[in-house]
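Please take a look at the two-chain model below. A brisk report on its parts is wanted.

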Amino acid sequence: MLPEQQQKLQQLALRVREHIVRLSTDGGCFTGASLSCADLLVYLYADCLNVRPDNLTDPSRDYLFLSKGHDVPALYGTFVELGFMDKARLDQHLSTDDHIYWHPNRNVPGVEFHSGSLGHLPSVALGVAMDCKMRGQDNKVIVITGDGELNEGTVWESLLVASAHKINNLTLVVDRNHFQANVATEDLIPLEPMAPKFEAFGCEVRRIDGHDFAQLEEAFSALPFSDTKPSVIICDTVRGRGLPSIEARADRWFCNFSSEEVQELLRELHSQEATTLTSETLTVR
Amino acid sequence: MNYEELIKHTALADERIVVMTAENRALIRNLPAVLGPRFIDTGITEQTLIGAAAGLALRGRVPILHALATFLTLRAFEFIRTDVGIGQLPVKLSGFVPGFLSDGNGPTHQAIEDVSLMRGIPGMTVFAPADEQDMLAMLPAIWASPQPAYVRVNTRPANYEHAPFELGKAEIVAEGTDITILTYGMLFEQTLVARELLQAQGKSVGLINLRSLKPIDEAALLEVVRRGSLIVTVEDHFVTGGLYSILAEVLLRNQLTARVLPLALEERWYRPGRLSAVLEYEGFTGHHIARRISEYLGESGAAIAEGPAVLENQFAE
């Protein structure tokens, strides 16, 4: 990846993170989980997938399904920056005048399907991938899950079926930020070694640094990894990435900061100097 | 024409149709060869079956899904509610061996809360044909509708010539001034017998085959209430959430009341066995139904002739 392209994506991701921070007040949102996949979503929409504001109903577009729906601030931030969505809609966060709430829904153009209940979209994406294949189309079908989401049996059930039916146009991407809602994944339901689990379910797996645009490009441009198997990309990420004061903290999943803290955090985004936060955050949602 | 042939004709004429199953092929064994990639067996995965069907529907397909009614509506309930329901997608659910039709399987396989669950989902429609002929008359309209649908599959042979089907309309078999029996699904043939027996006792007995539980034919129910007869709801379903509940909702919505006898399953699963034995044990043969109604009216049921239910197992899973 050219340095200027990398810089462009970094600038884009920084603006997406600003949107996430601004949404983390007045009711709050899932800040930590959104920051971990901001780089991934920016890369996919800005540089990888054939999906744009002007082809959202074209059946030959690439599909992205966000199964870990609580990271929707990262998706909407990306949509605003890339012209899918009017920035003013973010001001309607949690207002009943619009549909901008804690999980994605199809009232926002570009959202392929609603999510929020974990473990659903791998199977929905499987159905879409099956149809693309049936029609001889080679569009990419991507589904992003969380790592805690891998607790859900239906993720594995879907991969068993995808692998049995040789659905190689389906790619499951794991936002491996090492935390589930309240605790580190390895302290609750250990997921490692992760790649061999997916391999055992018949997938071709790569594991990369999910914050490194060059690695993202290298992995995604190699899709499909196999002629017969579904692909899996495990993106190692950091919960709260970009804000040292909340990075990798179990209690920064859902955040509802004061407006002063939001200003502090916006400064922190640019300076990388940690600020001190006193807000109580809600860890159970 | 049978169920499989109807699907075959429909799918060959309409490229949007895909047939899916969670490895329940009893009624659709010949379709893989006919439909090729449009026949999708996901294995024993009811949840993935529903999710994948939602994905196919997003691409413009109309999936017709097959699984045992209990696993389809219970195990995959949240997928139906969340993916198909919130998505308002035209996914057509065919539930095998609903109600008493799971005969010898035992309580794990008894779908006797399926009507209650499915009708609670916004936009979902719910159908229960009386027999195979009734089902074949109903399915084309159900599959052509843009709404999601749940069908209690019933392939028992017909012993009644059914009227043409209209979405949301009940079939008025007979009108009566003393008693009106409301029923749906496989118990229809038993209520035909019960009606004969009660008529022989000098009663005027009406009979309605509901066919569609959602939408419900409210006008037909209100007409029965207006007539003032005893109303008997007969269903192979828990008394909670099924036809008796639906009738209660209609009555309350219209600020009416009525004398209603519910014949349904209350607070327990039914005793498994051969279908005819189940109906005998649980009191749902035509003779039992007639006797229970007579006794409710304070009359001796002794005059109702004894006799076995004429039923055989249709298929086993």
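**Basis and confidence**

This is a predicted model, in which local features need pLDDT of at least 70, side-chain atom pairs count only at pLDDT 80 or more, and totals for chains, interfaces and linings use all residues. Residues are numbered from 1 along each chain as its sequence is written, while chains are lettered from A and ligands numbered from 1 in the order in which they are written.

The model scores ipTM 0.94 and pTM 0.95. The predictor's per-residue confidence, pLDDT, runs from 0 to 100. For chain B its mean is 95, with 96% of residues at 70 or more. Residues 313–317 of chain B fall below 50. That stretch still has 11 contacts in the model beyond near neighbours in sequence. Where pLDDT is low, predicted coordinates should not be read in detail.

**Between the chains**

Contact here means that the C-beta atoms of two residues, placed from the backbone, lie within 7 Å. By that test, 19 residues of chain A are in contact with 22 residues of chain B. Helix 5 (121–134) and helix 6 (153–164) of chain A each supply at least two residues of chain A's side. Helix 5 of chain A gives the largest share, nine residues. Helices (H or I, at least four residues) and strands (E, at least two) are DSSP runs, numbered from the N terminus.

The side of chain A that touches chain B has 10 nonpolar, seven polar and two charged residues. In this scheme Ala, Val, Leu, Ile, Met, Phe, Trp, Tyr, Cys and Pro are nonpolar, Asp, Glu, Lys and Arg are charged, and the others, Gly among them, are polar.

**Domains and annotated spans**

Chain B is assigned domain 1 (3–152) and domain 2 (171–303); such bounds come from an automatic or database domain assignment. The C-alpha centres of these two domains of chain B lie 27 Å apart. Their contact takes 26 residues from domain 1 of chain B and 27 residues from domain 2 of chain B. On the domain 1 side, helix 6 (114–119), strand 5 (125–127) and helix 7 (132–144) of chain B each supply at least two residues. That side has 13 nonpolar, seven polar and six charged residues.

For chain A, UniProt lists residues 29–269 as "domain: Transketolase N-terminal" in an unreviewed entry. UniProt positions are given in the numbering used here, feature names are shortened, and annotations may be inferred rather than shown by experiment. The span 29–269 of chain A is 34% helix and 12% strand, with its end C-alpha atoms 17 Å apart. For chain B, an unreviewed UniProt entry lists residues 1–162 as "domain: Transketolase-like pyrimidine-binding". This span of chain B is 41% helix and 17% strand, and its end C-alpha atoms lie 15 Å apart.

**Helix 8 of chain B**

Helix 8 (residues 188–200) of chain B has 13 residues and reaches 19 Å from first C-alpha to last, close to the 18 Å expected at 1.5 Å a residue. The expected span is 1.5 Å times one less than the number of residues. Its buried residues include Phe188(B), Ala194(B), Leu197(B) and Leu198(B). Buried means 20 or more other C-beta atoms within 10 Å of a residue's own, exposed 12 or fewer, and partly exposed in between, with C-beta atoms placed from the backbone. The buried residues of helix 8 pack against elements of chain B, among them strand 9 (205–209), strand 11 (230–238) and helix 12 (286–296). Gly202(B), with a positive phi near 90 degrees, follows helix 8 of chain B.

**Thr31(A)**

Thr31(A) is found in helix 2 (residues 31–36) of chain A. It counts as buried because it has 29 C-beta neighbours inside 10 Å. Cys255(A) is 224 residues away in sequence, yet 5.8 Å away C-alpha to C-alpha. Beyond four places in sequence, the contacts of Thr31(A) include Ile20(A), Gly240(A) and Arg252(A).

Two cis peptide bonds and two positive phi angles are tabulated here.

| Site | Feature | Angle |
|---|---|---|
| Leu223(A)–Pro224(A) | cis peptide bond | omega about -10 degrees |
| Lys214(B)–Pro215(B) | cis peptide bond | omega about 5 degrees |
| Leu94(A) | positive phi, not a glycine | phi about 65 degrees |
| Ala248(A) | positive phi, not a glycine | phi about 55 degrees |

Pro224(A) is in the loop between helix 9 (213–220) and strand 5 (231–236) of chain A. Leu94(A) is partly exposed, with 13 other C-beta atoms within 10 Å.
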